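I would like the cut-offs behind each term stated along the way.

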Amino acid sequence: LYGTVCLLCFLFGTLGNTLSLLHFTSRPDLSSYLYTCISSIDLAISLCVLPMGISYLANRRPVMFDVYLLCNIWGYAFHALTLFSVFYVGFLSLTRAYVLIYPLRKIKKSTVEESLCSTSSLSVSSPR
């Protein structure tokens with residue numbers, strides 16, 4: 001059951017996020033930029049689910065998780081990507097709240113990019 005659910009998440013997540021990327025990359029506004037980032041991260045999460053699904057379908061044998069380095073890279077990537085996904089959705093919510101509170105002020109895309117890069121690099125460098 002878990003393997004089937006993981007494979008379905010992989011299929012629908014990959015398809016849905018690829019379509020989202022195609023849609024949002026064609027638009028130059030700030031919200032589309034943030035949605036593009038979120039879709040990219042969620043696409044990477046969907047790709048990370050595939051090894052788990054394969055392992056579950058193989059009666060929980062560690063198919064690619066046998067290799068110590070790959071297992072550690074996968075674990076770090078999955079953990080970091082889920083944190084980034086939540087962080088970017090929260091950041092999108094903050095920008096929406098700012099626009100509602102200050103409707104006549106414009107948020108600069110460069111300011112948002114700088115803050116995202118600096119806080120993302122801090123969260124990657126901090127230990128679990």
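Ser26 counts as exposed because its relative accessible area is 56%, where exposed means over 50% relative accessible area, buried means under 20%, and partly exposed lies in between, computed with a 1.4 Å probe and protein chains only. This residue sits in the loop between helix H1 (2–24) and H2, helices here being DSSP runs of H or I with at least four residues and strands being runs of E with at least two, numbered from the N terminus. Between Ser26 and Pro62, which are 36 residues apart along the chain, the C-alpha atoms are separated by 40 Å.

The model is a predicted one, in which local features need pLDDT of at least 70 and side-chain atom pairs count only at pLDDT 80 or more, while totals for chains, interfaces and linings use all residues. Residues are numbered from 1 along each chain as its sequence is written, and side-chain values use heavy atoms, with hydrogens and water left out.

Taken as a whole, the protein chain has four helices and zero strands, and its pattern along the sequence reads α-α-α-α. Its C-alpha atoms fill a box of roughly 60 × 30 × 20 Å along the principal axes. Of the 128 residues in the protein chain, 32% count as buried. Contact means heavy atoms within 4.5 Å, and among the contacts in the chain with a separation of 6 or more, 71% are accounted for by residues 24 or more positions apart.

When neighbours within four places in sequence are left aside, Ile41 is in contact with Leu81, Phe84, Ser85 and Tyr88.

Ser46, which is found in helix H2, is buried because its relative accessible area is 8%. Apart from neighbours within four places in sequence, the contacts of Ser46 are with Cys9, Phe10, Gly13, Thr14 and Asn17.

With regard to accessibility, Cys9 counts as partly exposed at 45%, whereas Cys48 is buried at 11%.

Turning to charged side chains, a search of the whole structure finds one salt bridge, a salt bridge being a side-chain nitrogen of Lys or Arg within 4 Å of a carboxyl oxygen of Asp or Glu. The partners are Arg27 and Asp29, whose closest N and O atoms are 4.0 Å apart. Arg27 counts as partly exposed, since its relative accessibility is 39%, and Asp29 is likewise partly exposed at 33%.

The loop between H2 and H3 holds Asn59 and Arg60. Phi of Asn59 is positive, near 55°, in a residue other than glycine, and Arg60, which is not a glycine either, has a positive phi of about 65°. Asn59 is exposed at 67% relative accessible area, and Arg60 counts as exposed at 55%.

Val67, Leu69, Leu70 and Ile73 make a nonpolar surface patch of about 360 Å². Patches are made of residues with over 30% relative accessible area and no salt bridge, with like charges joined within 9 Å and nonpolar side chains (Val, Leu, Ile, Met, Phe, Trp, Tyr) within 5 Å. Leu69 is found in helix H3 (residues 68–101) and is exposed, its relative accessible area being 58%.

Methods. Accessible areas come from the Shrake-Rupley method with a 1.4 Å probe; for residues, only the protein chains shown count as cover.
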